[in-house]
Amino acid sequence: MTARSTRCTTAKTRTSRLAAVAAIAVAGSMLLTACGDQTESGSTKEGGSSSAAASNAPLFSKLPADIQKSGVIKVGTDASYAPMEFTDGGKIVGVDPDLGQALSKQLGVKFEFVSGTFDGLITSIYTGRQQLIMSSMTDNKKRQEGLDDNGKKIGKGIDFVDYFSSGVSLLVKKGNPQGVNSLDDLCGKTVAVQRGTIYEDTFKAQATKCGDKKLTIQAFDTDAEAQTRVKAGGAVADLNDYPVASYIAKTSGGGKDFEVVGNQSDVGLFGIGVSKDNTQLRDAVKEALDAIIKDGSYAEVLKKWDVEGSAVKSATINAGK
C-alpha cells in the first residue's frame, strides 16, 4: 500500500485526481474553505447536527472533551487522489470524505476536511492544525516512529487506525509505447512520481537495483503533475495505489490517456493518522470504524466508488509494516 503526500489540486488525474462525483454531506453540506498546509486549494466542511443530536450519537461520549465542546474534528487531506479524495465543484469528495460522513454519524461531530500538500500532513498533526489525517496514507513503521528515509528521527511519529488495503500499480501512457510491465523494465528510463509518497520510495529502491542502468526519478508536488509528465512522454510511468491508477486510466481523457500495467505490488494498509498524544481520539475513531463495518455503511461507501476489493474486516491500530 502506499502513502501519499499532501495533494491539493483540481480535476486531478491521480494527482490529476480526476474528478467528478457528487459532493458529499457528512452531517450536512460541505463548504469550501481555504486550503491548509502550504497550498492554495479547496477544502470542505461537512455540515453539522445540533449539540443535542450530537450528544445522542452512539460514540459521542468516547471523544475527548475539547472535541465534544467544539463539535468538529479537523481532518487534513490532499484532495488530489481520485477516487479516494478529490475536489469537484469546489467540494472535497471521494472514498475518504464519504467514510468521514459515516464516522461522523457514530461520533456525533462534524468532520471538517481541509486540503493541503501531502508531505505537510503529518506536520499538521504535530502542530495541532489538524486532528486527523484521511488521505490514503500508508501506515508504515517510518511514519509511526517519525523517521526520515535514512532512519533519522525527525518527529515523534503518529498512530494509525487502519481502514483500507491496497497494492500499487504502474500507470503508463495509453498503448504502453515503452513496453513497461514491471519495475525492472524501468531501468535506463525516466519515471514521474509525487514527492513524499511511498511510491517515491519504491522508485528509489528500484533505482538502486538498476545500478549503472540508471533510473531517473522526477518528483513533483502533486501526482497530477507526474501524470502530466507521463502523458506528455517526458516520463514512461507513474506509480499509484491500484484503485487510484485504475480510476485514472478509466477516466482521464475518456480512457484514452493512460493504462495500468503489470501486477499489484507492495500490498499494505491505509491508516487514519492521529497524534500519539491523543489516544482517546484514536480509540474513538477505531470504535467508530468497527461500528460502520458492522452496520454495513462502510461496505456501501466502498461499493459506491468501486473499491470493494480493498475492504478490511475490522479496524486495527498501527498494523502497517
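Guide: Quick ground rules: residues are numbered from 1 along each chain as its sequence is written, and side-chain values use heavy atoms, with hydrogens and water left out. As this is a predicted model, local features need pLDDT of at least 70 and side-chain atom pairs count only at pLDDT 80 or more, while totals for chains, interfaces and linings use all residues.

Visitor: Why is the pair K62 and E287 called a salt bridge?

Guide: The label needs a side-chain nitrogen of Lys or Arg within 4 Å of a carboxyl oxygen of Asp or Glu.

Visitor: What makes D98 buried?

Guide: Buried means under 20% relative accessible area, exposed over 50%, and partly exposed in between (1.4 Å probe, protein chains only). D98 has 5%, so D98 is buried.

Visitor: And which residue does D98 pair with in a salt bridge?

Guide: That's K304, with the closest N and O atoms 2.9 Å apart. D98 lies in helix α3 and K304 in helix α10, so the pair ties together parts 206 residues apart in sequence. At 48%, K304 falls in between the cut-offs, so K304 counts as partly exposed.

Visitor: How many salt bridges does a search of the whole structure find?

Guide: It finds 13. D159, K276, R282 and D283 are even linked in a network of them.

Conventions
Helices (H or I, at least four residues) and strands (E, at least two) are DSSP runs, numbered from the N terminus.
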